[in-house]
Amino acid sequence: LATMSAEAVKVIVRCRPMNGRETDLKCKSVIGTDASVGQVVLKRPGSDQTTPKTFTFDGAYGTTSTTQQIYDEIAFPLVDGVIEGYNGTVFAYGQT
């Protein structure tokens with residue numbers, strides 16, 4: 001994502017790991033990510049025959065990604081631009 005355009009809205013997705021309750025219930029993960037093409041794949045729980053749904057974004061981070069990694073790759077270039085006098089916004093939404 002180092003080639004991010006200076007004048008564009010980018011949509012980046014970070015998939016969270018399972019929480020303690022989900023792990024205790026032995027839930028199976030239904031998501032996969034392919035960071036090289038910015039895709040998130042959702043599989044139907046309990047069904048291997050159904051074609052998974054694929055969503056493409058400007059960037060996709062899997063369950064093992066770190067906050068530091070996302071900051072370094074996504075937010076830092078924006079912060080750097082703001083310091084140089086350009087406008088920049090990071091809008092984060094979802095479970096935290």
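**View 1. Helix H2 and its kink at Ala75.** In H2, a kink of about 50° lies at Ala75, shortly before the proline Pro77, where the bend at a residue is the angle between axes fitted to the seven residues ending there and the seven starting there. This is a predicted model in which local features need pLDDT of at least 70 and side-chain atom pairs count only at pLDDT 80 or more, while totals for chains, interfaces and linings use all residues. Residues are numbered from 1 along each chain as its sequence is written, and side-chain values use heavy atoms, with hydrogens and water left out. Ile70, Ile74, Ala75 and Gly81 are buried in H2; buried means under 20% relative accessible area, exposed means over 50%, and partly exposed lies in between, for a 1.4 Å probe and protein chains only. An α-helix has 3.6 residues a turn, so residues three or four places apart point the same way. The buried residues of H2 pack against strand E1 (12-14) and E5, and just after H2 the residue Gly85 takes a positive phi of about 105°.

**View 2. The aromatic pair of Tyr71 and Phe76.** The structure holds one aromatic pair. Tyr71 and Phe76 form this pair, which is edge-to-face, with 6.3 Å from centre to centre and 65° between the planes. Rings of Phe, Tyr and Trp (its six-membered ring) pair if their centres lie within 6.5 Å, and planes under 30 degrees apart count as stacked, over 60 as edge-to-face and the rest as tilted. Tyr71 counts as partly exposed because its relative accessibility is 35%, and Phe76 is also partly exposed, with a relative accessible area of 41%.

View 3. The side chain of Ser65 reaches the backbone oxygen of Gly62 at 2.8 Å. Leaving aside residues up to four places away in sequence, Ser65 touches Arg14 and Ile70, where contact means heavy atoms within 4.5 Å.

View 4. E2 and strand E3 (residues 39-42) pair in the antiparallel sense over four bridges; two strands pair if DSSP finds at least two bridges between them. Thr33 has Val40 in E3 as its bridge partner. The hairpin has four residues between the strands, and Gly38 takes a positive phi near 65° there. Val37 lies in the loop between E2 and E3 and is partly exposed, with a relative accessible area of 44%. Not counting residues up to four places away in sequence, Val37 touches Thr56 and Phe57, and from C-alpha to C-alpha Val37 and Ala60 are 8.0 Å apart in space although 23 residues apart in sequence.

View 5. Lys26 has its place in the loop between helix H1 (20-24) and strand E2 (31-34). Although Lys26 is not a glycine, this residue has a positive phi of about 60°. Lys26 is exposed, with a relative accessible area of 69%.

Methods. Polar contact = N/O pair within 3.5 Å; in protein donor to acceptor, adjacent residues only side chain to side chain. Helix = DSSP H or I, 4+ residues; strand = E, 2+ residues; numbered from the N terminus.
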